[in-house]
Amino acid sequence: MPELRDWYDTPLYYDIIFDADTPKEGTFLEAVYAKHGPGGKSRQMLEPACGSGRLVFEMARRGWKVSGFDGNARMLDFARERLKREGLKARLWEDWMQSFKLPKKQTYDLAHCLVSSFKYLQTERDAAACIQRVADCLKPGGLFVLGVHLTDYARTSQEHERWLAERDGIRVLCNTHTSPADRKTRLEDLRTRLQITHAGRTHTQETKWQFRTYSAAQMRALLRKVPSLEVVQCYDFTYDITEPRKLDDSYADIVLVLKKKD
């Protein structure tokens, strides 16, 4: 039987699984900023729900002045250790997306929250509060890049995704099952099993959680609650700056580029 454990409490294994696209995501964020951002040389960045710090590290390595927060102390410790090991700096603290407070009255040129971390906010109130707080700390013309998986409410069967990754002799196999969404509550149940082979030993850990769901129309309705931001472009999880998309239900993985009005 798998061990029931929050995968955020094992940041190394979590990081191994999600790290493959980090350079691509970093390049995409810089391309988005160059195309849609306010310009200038300050390059101040905020990452809500920064997790294991893979993008904190990547963007600090590229010369950005990075701030980030997460609700899990183990993730933050992992991120700090990686930065220290490589001689890089970032401002990190423990906080929550819907209620975060900045250590100082800092403003940012670019904020981002990718791979559906935003969907952990399970009420409309919390989701709107997060977007409003990000908007409030952006400079005029600043960007919020938000990635989410849209939901097909007609789906009646489970979806299954599988990833395999290795690092330094550690092998992690990830299987995630997503149940059909509840139309009334707008929640979907997810279950992830990580099979880890490390130092000759294999074990499995399982995490269960819920995401809030969105159709394109529901996302547009949410964004109308924060009128200081406007949608300037949409992309998808291929992170191809040359292939913009529409905000509709024709594809599942949207990346919204939201710009703070002057």
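How many nonpolar, polar and charged residues does the lining of the second largest pocket have by class? I looked this up in a predicted model, where local features need pLDDT of at least 70, side-chain atom pairs count only at pLDDT 80 or more, and totals for chains, interfaces and linings use all residues. I kept in mind that residues are numbered from 1 along each chain as its sequence is written, and that side-chain values use heavy atoms, with hydrogens and water left out.

I found 17 nonpolar, eight polar and six charged residues in that lining, counting Ala, Val, Leu, Ile, Met, Phe, Trp, Tyr, Cys and Pro as nonpolar, Asp, Glu, Lys and Arg as charged, and the others, Gly among them, as polar.

For the largest pocket, I noted that the lining has 19 nonpolar, six polar and eleven charged residues.

Helices (H or I, at least four residues) and strands (E, at least two) are DSSP runs, numbered from the N terminus.

I turned to the sheet, which is open, has seven strands in the order 4-3-2-5-6-12-11 and shows mixed pairing, where two strands pair if DSSP finds at least two bridges between them. Its edge strands, each pairing on one side only, are strand 4 (91-94) and strand 11 (229-236).

I followed strand 11 to strand 12 (residues 253-260), with which it pairs in the antiparallel sense over seven bridges, and I noted Leu258 in strand 12 as the bridge partner of Val231.
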